[in-house]
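Trainee: I have a model open and would like to walk through it with you, if you have a moment.
Mentor: Gladly; let us look at it together.

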Amino acid sequence: MTRSTVSDAVAELKSDGMIAEVGVGLSKSGKPPILLRFVDEARCLIGIDLAESEFRGAVINLRGEIKHRLHWPINTDRREGLLSSISELIDHLLLLAPSPVLGIGIGTPGLVDSERGIVRYAANLDWREFELGDWLARRYHVPIHIANDSQAAALAEFTFGNNGNEPNLIVIHICRGIGAGIVLNRRLFVGDRFGAGELGHVVIAESGELCRCGHRGCLETVIGSEALVRSAQKIAAGDPASLLHRFVRSPEEISIEVISRALEAGDEALKSLINGAGRFLGIALANLVGILNVHRLVIAGGAACLGPALLEPVRQEIKRRSLPALADETIVEFTRLGPDIVILGAAALLLNNELQLP
Ligand SMILES: [Zn+2]
């Protein structure tokens with residue numbers, strides 16, 4: 001860029017409050033250079049995660065740092081209830097925003113047409129061809145971007161995670177549903193009709209449990225968080241000595257976090273439940289390794305707290321079921337971004353789409 005192009009860009013960013021002068025640098029000859037930095041708080045982002053059993057949202061700065069976080073109960077009373085939960089959450093976050101809002105990013109379960117802001121199908125929220133983007137745009141006069149939750153998680157891992165400078169990455173997001181977010185050549189790969197990575201309804205256990213999609217034995221019925229909680233409740237109900245009883249007063253209180261604590265305390269029945277789920281997940285992932293040869297697989301979502309009881313069988317099955325040369329190079333690990341990964345992905349979606357520097 002020429003000197004004058006740089007000056008123009010700097011002047012524009014400065015007048016927008018996006019950058020600030022922080023002093024004067026050393027000069028080899030002539031006028032000393034002015035040092036500039038980005039103002040992290042110049043704008044803020046609203047990131048929303050609709051994938052869990054409660055809605056979650058945050059106000060985030062331009063550096064991807066969460067400034068305020070809210071968890072919101074879901075009003076499940078038909079579509080209007082769901083939508084009012086979402087708008088209440090957004091309204092409260094907007095009140096907390098310390099600077100102009102760059103936009104609202106949403107990570108939602110289901111098949112999502114990100115270009116048009118349409119949720120094509122989301123079984124958990126009972127949405128079909130729902131124009132969520134338009135619905136939000138009528139209420140909030142800022143840019144709105146919507147992506148599938150697993151795809152948002154992959155974007156978060158790619159933008160804020162520990163991926164070195166690798167161009168490819170797969171995030172397996174396990175909460176109520178399961179999906180894989182796939183980054184290839186530094187771009188989110190969504191497939192021909194936005195359904196890339198829809199692993200949750202791949203049938204993996206012949207004559208397994210009935211799934212809400214109508215099939216039996218989908219991956220989701222084995223390792224989705226609700227499936228794991230149901231199985232753990234059966235273990236607790238059938239065994240008064242189960243370590244689960246140490247952490248809850250009744251089986252209804254069991255959650256993935258409770259399962260994780262009882263596992264750490266050494267509960268053998270839970271260990272074999274999670275090992276079994278991990279093996280099924282490993283079978284599904286071995287196929288991905290064979291097809292895409294992506295080196296780094298990151299597990300995120302509620303299941304990321306299940307430790308080696310989940311991770312080891314996944315690694316073993318990938319080793320057992322894919323070409324040794326490929327399996328040896330494959331790293332499977334838990335995300336370090338924690339439970340905020342979808343919220344951060346929604347923020348990354350906004351940064352990618354809205355922060356076009358001059
Ligand atoms: Zn299914």
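Trainee: Which helices each supply at least two residues of the lining of the largest pocket?
Mentor: Those are α6 (225-238), α7 (256-264) and α11 (341-354), where helices (H or I, at least four residues) and strands (E, at least two) are DSSP runs numbered from the N terminus. A pocket here is an open set of points on a 1 Å grid over the protein atoms alone, where a 1.4 Å probe fits and protein lies on both sides within 12 Å along at least five of seven lines, and a lining residue has an atom within 4 Å of a point.

Trainee: Before we go on, what sort of model is this?
Mentor: It is a predicted model, in which local features need pLDDT of at least 70 and side-chain atom pairs count only at pLDDT 80 or more, while totals for chains, interfaces and linings use all residues. Residues are numbered from 1 along each chain as its sequence is written, and side-chain values use heavy atoms, with hydrogens and water left out.

Trainee: Back to the largest pocket, then: how many residues line it, and which lie nearest its centre?
Mentor: The lining has 24 residues, with E52, S53, I256, E257 and G302 nearest the centre, and the space in the largest pocket comes to about 520 Å³, a volume being the space filled by probe spheres set on grid points that are joined across faces, edges and corners. The largest share of that lining, four residues, comes from α6.

Trainee: What about the second largest pocket, how much space lies in it?
Mentor: About 420 Å³, and of the 18 residues that line it, L155, R187, L188, L349 and N353 lie nearest its centre. At least two lining residues come from each of β10 (144-148), α4 (149-160), β13 (187-189) and α11, and its lining divides into nine nonpolar, six polar and three charged residues.

Trainee: How many residues of β10 are buried?
Mentor: Five of its five residues are, so to speak, mostly covered. β10 pairs in the parallel sense with strand β6 (residues 101-108) over five bridges, two strands counting as paired if DSSP finds at least two bridges between them, and I146 is the bridge partner of I106. In β6, seven of the eight residues are buried, and strand β3 (residues 44-49) pairs with β6 in the parallel sense over six bridges, with V101 as the bridge partner of C44.

Trainee: New topic: how many aromatic pairs does the structure hold?
Mentor: The structure holds one. The rings of W127 and F130 have centres 5.0 Å apart and planes at 45°, so the pair is tilted; rings of Phe, Tyr and Trp (its six-membered ring) pair if their centres lie within 6.5 Å, and planes under 30 degrees apart count as stacked, over 60 as edge-to-face and the rest as tilted. W127 and F130 are both buried.

Trainee: And D126, what is its phi?
Mentor: The phi of D126 is near 60°, a positive value in a residue other than glycine. D126 lies in the loop between β8 (118-122) and β9 (127-130) and counts as exposed, at 61% relative accessibility. N185 also has a positive phi, near 50°, and its place is in the loop between β12 (178-184) and β13.

Terms used. Nonpolar A, V, L, I, M, F, W, Y, C, P; charged D, E, K, R; others polar. Buried < 20%, exposed > 50% of the residue type's maximum accessible area, 1.4 Å probe, protein only.
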